[in-house]
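Q: I would like to go through this structure step by step. Could we begin with how its helices pack?

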Amino acid sequence: MNIDAFRKIEGRAFYALAGLLGLVALIGLGAAHYMETHGHVVTGMNNQIVWGLPHVFAIFMIVAASGVLNIASIGSVFGKPVYKARAPLSGLLAIALLAGGLTVLMLDLGRPDRLIVAMTHFNFKSIFALNVILYTGFFAIVAIYIWTMMDRKMYAYSKYAGFSAFIWRLALTTATGSIFGFLVARQAYNSAILAPMFIIMSFSFGLAVFILVQSFMYAWNGMKLDPAILRRMKNLLATFAGAVLYFTIVYHLTNLYFAKQASFERFILLDGGVFTNLFWVGHILIGTLIPIGLLLHPTIGAKLKTVLLASSLIILGGFAQLYVLLIGGQAFPLDIFPGMQVSSSFFDGAIQHYSPTLPEFLLGLGGLGIALLITTIAVRVLNFLPRDDAHHSSKVAATD
Amino acid sequence: MSHNVDKTNDDKPSDGSRRQFIGYGAAMAGLAIAPGVTLFDLAHGRAPEEAASNKVRWGMLIDTGKCASGCNDCVSACGKENGFSGSRETDSQWIRKVEIKDLRNGQSHSLPMMCQHCEHPPCVDVCPTGASFKRADGIVLVDRHICIGCRYCMMACPYKARSFVHEELHDQNPDVPRGKGCVESCTLCVHRVDKGGQPACAEACSEAGHNAILFGDLNDQNSEISKRVTKLATTQVRADLGLNVGIRYQGI
Amino acid sequence: MVSLVKLRAMLRWQRRALLVTLLAAGSIATASADAHVGSSGSRVAMPVHTEASGDKCVKDTPYMRRHHMDVLKHQRNDTMRKGIRTTEFSLQGCIDCHADKQTNSVLGKDGFCQSCHSYAAVKLDCFECHSSKPKAATAFRSIDKQSMKAGAESGLAAKMPQEMQAVSLEPNTTGGASK
């Protein structure tokens with residue numbers, strides 16, 4: 001459909017999109033209500049796999065949220081004008097994705113009605129409690145950051161707001177990775193590498209999501225992204241995806257070096273069934289090698305369609321990676337009696353199988369719906385569309 | 001408890017002393033019939049208004065040599081006391097029998113595994129609201145008034161001691177409140193211990209004559225458990241984690 | 001992206017539709033409200049005053065009405081965190097006296113806790129975990145029976161409540177029984 005025909009129905013198309021996303025969000029809320037009233041017995045989670053599919057969605061969104069703010073940080077902190085034009089949209093996406101991710105996380109609690117308790121009782125030794133504080137602060141800081149960028153009177157402060165947001169989101173992603181890194185009990189976690197790995201994952205996922213949303217907005221408005229900007233972004237995306245691969249290699253190589261981790265690595269890399277498949281095909285092949293190959297291809301690499309495909313594959317690979325990390329890490333039994341074969345009525349020593357159920361999947365989707373709904377309404381109401389020529393000329397004069 | 005609806009309150013004094021005599025007699029008879037009674041460390045019941053103190057550290061010593069492979073007495077007793085049963089993947093199991101086998105030489109053991117009541121519990125460190133806590137006398141508990149059911153403690157426990165309540169519960173034991181959406185684990189039968197009793201598992205094991213589980217105060221040098229732990233070589237499961245647990249094992 | 005004037009113009013029929021829906025919903029609500037007027041003149045059942053066991057409560061009624069939630073909250077922290085099990089404000093103590101004599105519960109349509117809480121529309125969270133029945137009415141044995149079996153200390157026997165004296169003498173085996 002060409003842009004003139006689309007412009008005629010644009011109003012209705014907006015309502016259709018918002019309606020669809022609202023419906024997805026509502027269905028997610030309904031699924032959460034069903035889970036809360038019947039208890040988690042209606043999910044595939046049990047006493048062995050305690051965090052399931054909703055957590056995979058939630059952690060993806062939270063990690064992507066802090067990563068998508070990277071675009072703004074490259075603009076404000078590192079002073080690249082092209083990225084400065086994109087900073088407000090990046091901030092908005094950060095808030096929207098974090099809101100969606102947190103909604104899923106909070107609704108998956110055993111007692112979501114006790115949210116007030118979670119906000120008023122803090123055990124500061126818990127990295128989870130620190131995360132709650134960091135997430136709340138993130139909303140405030142990014143909101144202020146967006147304000148400094150969009151309000152002409154406040155523009156002078158955007159540098160400071162941007163820097164604070166940058167530091168805050170580094171702390172936030174480090175803390176998110178440390179949720180797992182601080183767990184001494186499980187062989188998949190208890191490693192300091194998880195914190196920086198989550199930071200790099202956030203860079204990769206965040207930029208992929210940003211590229212997709214930005215392209216959608218441009219197509220909706222009949223605008224075309226400057227190929228030079230697209231080239232820059234796709235090279236950056238390839239770099240980030242490669243960096244994630246680097247961290248994955250280091251993580252597994254180190255584990256393989258320890259005799260006590262050998263059986264766990266064998267499980268993930270060789271005979272873990274769905275987890276092995278998701279690791280090699282989902283994370284490595286679809287999520288890393290194919291996108292990098294596409295993005296760095298000399299002829300098709302710079303085309304918009306290629307970049308969009310690569311971004312989508314990176315996102316899918318990200319879900320696979322988190323699924324293997326989160327659920328594979330729980331499926332592998334705890335090593336309570338090292339060197340011994342163990343069995344019990346509580347499934348000690350046995351690989352646990354997890355089959356996600358529909359309510360969990362709908363809840364996760366609902367979170368995505370909420371994030372995209374917030375984005376859709378906000379870009380309709382406020383000026384988030386990156387305008388390169390206008391921004392570049394006028395703002396360059398106003399700032400450094 | 002004196003506030004119970006007690007229809008016998010208006011007894012004549014002579015009835016009181018007769019009942020006392022029957023009481024003493026029954027206690028003596030009970031002593032004679034139950035041989036394992038000496039395994040119960042006389043933990044003089046704490047007065048109700050007295051708080052738990054860190055002068056006491058409750059612990060258990062489990063002799064795996066006396067633990068038979070097919071026996072589930074401790075598990076049944078725990079379920080009966082605390083009001084749960086079943087072994088579906090979503091059912092709570094506060095204590096379970098674990099069969100371990102050394103693949104190199106075929107040596108096998110059976111032992112009960114429950115919350116180890118660590119001195120440095122990882123579950124307490126990670127709980128965002130502070131619902132998972134360690135009482136002064138060493139018992140690790142979940143304050144279900146503020147537990148939000150995030151299950152992070154279940155991820156953190158190296159012994160897989162914690163269970164999550166996946167469905168609505170009815171007819172709970174009034175001494176053991178437990179409900180949907182909260183995490184729970186072995187309480188060392190704190191409702192019994194506070195009144196001078198011992199955990200249901202230890203009691204069941206001794207009453208059945210196996211005497212594999214000994215409960216007592218690790219800080220009291222005169223207690224049976226302290227004497228044994230000083231005299232014999234006992235181990236903590238996953239001692240390498242440095243958690244200094246209160247449950248010690250003998251024979252593994 | 002879209003100016004406010006255009007937005008207002010776009011929403012013209014939507015605003016009218018919203019107004020009509022709100023009016024319709026409001027009138028339906030008020031109409032149905034009158035349909036449930038009971039003999040007491042209100043839609044919600046008044047709380048039922050059940051006679052409790054025992055002679056009087058641990059504190060007088062106005063105090064309890066205003067402060068029972070604070071008392072319970074304080075007591076729960078004392079019991080949970082410190083192991084202080086004084087009986088004056090213990091929840092089990094409340095239930096023992098206030099449980100309905102027929103249903104043996106403080107919940108249910110005319111239950112002591114439930115009827116006031118339903119009237120005041122305050123959610124009762126306690127009984128998700130706590131049993132609403134007195135200990136004696138449940139299938140669970142009292143701790144005192146166990147102490148009797150194992151307690152060699154004469155002090156323990158002397159503290160026995162009167163009704164426990166009649167307990168049988170055979171060893172209390174739980175083992176060997178099937179799951």
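**Helix packing and chain contact**

A: This is a predicted model. In chain B, helix H2 (residues 73–82) packs with helix H6 (residues 200–207) at an angle of about 135°, and their axes are 8 Å apart.

Q: What is the word for how H2(B) and H6(B) lie to each other?

A: H2(B) and H6(B) are therefore oblique to each other. Angles over 145 degrees would count as roughly antiparallel, and 65 to 115 as roughly perpendicular.

Q: Is the crossing left-handed or right-handed where H2(B) passes H6(B)?

A: H2(B) passes H6(B) in a right-handed crossing.

Q: And which residues in H2(B) and H6(B) meet?

A: From H2(B), Asp73(B), Cys74(B), Ala77(B), Cys78(B) and Glu81(B) take part. They meet Ala200(B), Cys201(B), Glu203(B), Ala204(B) and Cys205(B) in H6(B). Sorted by class, this contact of H2(B) with H6(B) has seven nonpolar, no polar and three charged residues.

Q: Now chain A. At what angle do H9(A) and H10(A) pack?

A: Helix H9 (residues 227–257) of chain A packs with helix H10 (residues 262–271) of chain A at about 140°, and their axes are 8 Å apart. That makes H9(A) oblique to H10(A). H9(A) passes H10(A) in a left-handed crossing.

Q: Which residues meet there, in H9(A) and H10(A)?

A: His252(A), Asn255(A) and Leu256(A) of H9(A) meet Phe264(A), Glu265(A) and Leu269(A) of H10(A). By class, the contact of H9(A) with H10(A) has three nonpolar, two polar and one charged residues.

Q: Stepping back, how many helices are in chain A?

A: Chain A has 14 helices, along with one strand. Its C-alpha atoms fill a box of roughly 70 × 50 × 45 Å along the principal axes.

Q: What radius of gyration would a compact globule with 400 residues have, and what does chain A have?

A: A compact globule with 400 residues would have a radius of gyration near 21 Å, and the 22 Å of chain A agrees with that. Buried residues make up 49% of the 400 residues in chain A.

Note on methods. Residues are numbered from 1 along each chain as its sequence is written. Chains are lettered from A and ligands numbered from 1 in the order in which they are written. This is a predicted model: local features need pLDDT of at least 70, side-chain atom pairs count only at pLDDT 80 or more; totals for chains, interfaces and linings use all residues. Axes are lines fitted to C-alpha atoms, for helices over the stretch in contact, and angles run from 0 to 180 degrees between N-to-C directions. Helices (H or I, at least four residues) and strands (E, at least two) are DSSP runs, numbered from the N terminus. Angles under 35 degrees count as roughly parallel, over 145 as roughly antiparallel, 65 to 115 as roughly perpendicular and the rest as oblique. A crossing is left-handed if the near helix is turned anticlockwise from the far one by less than a right angle, and right-handed if clockwise. Two residues are in contact if their C-beta atoms, placed from the backbone, lie within 7 Å. Ala, Val, Leu, Ile, Met, Phe, Trp, Tyr, Cys and Pro count as nonpolar, Asp, Glu, Lys and Arg as charged, and the others, Gly among them, as polar. The radius of gyration is taken over C-alpha atoms; the globule rule is 2.2 Å times the number of residues to the power 0.38. A residue is buried if 20 or more other C-beta atoms lie within 10 Å of its own, exposed if 12 or fewer, and partly exposed in between; C-beta atoms are placed from the backbone.
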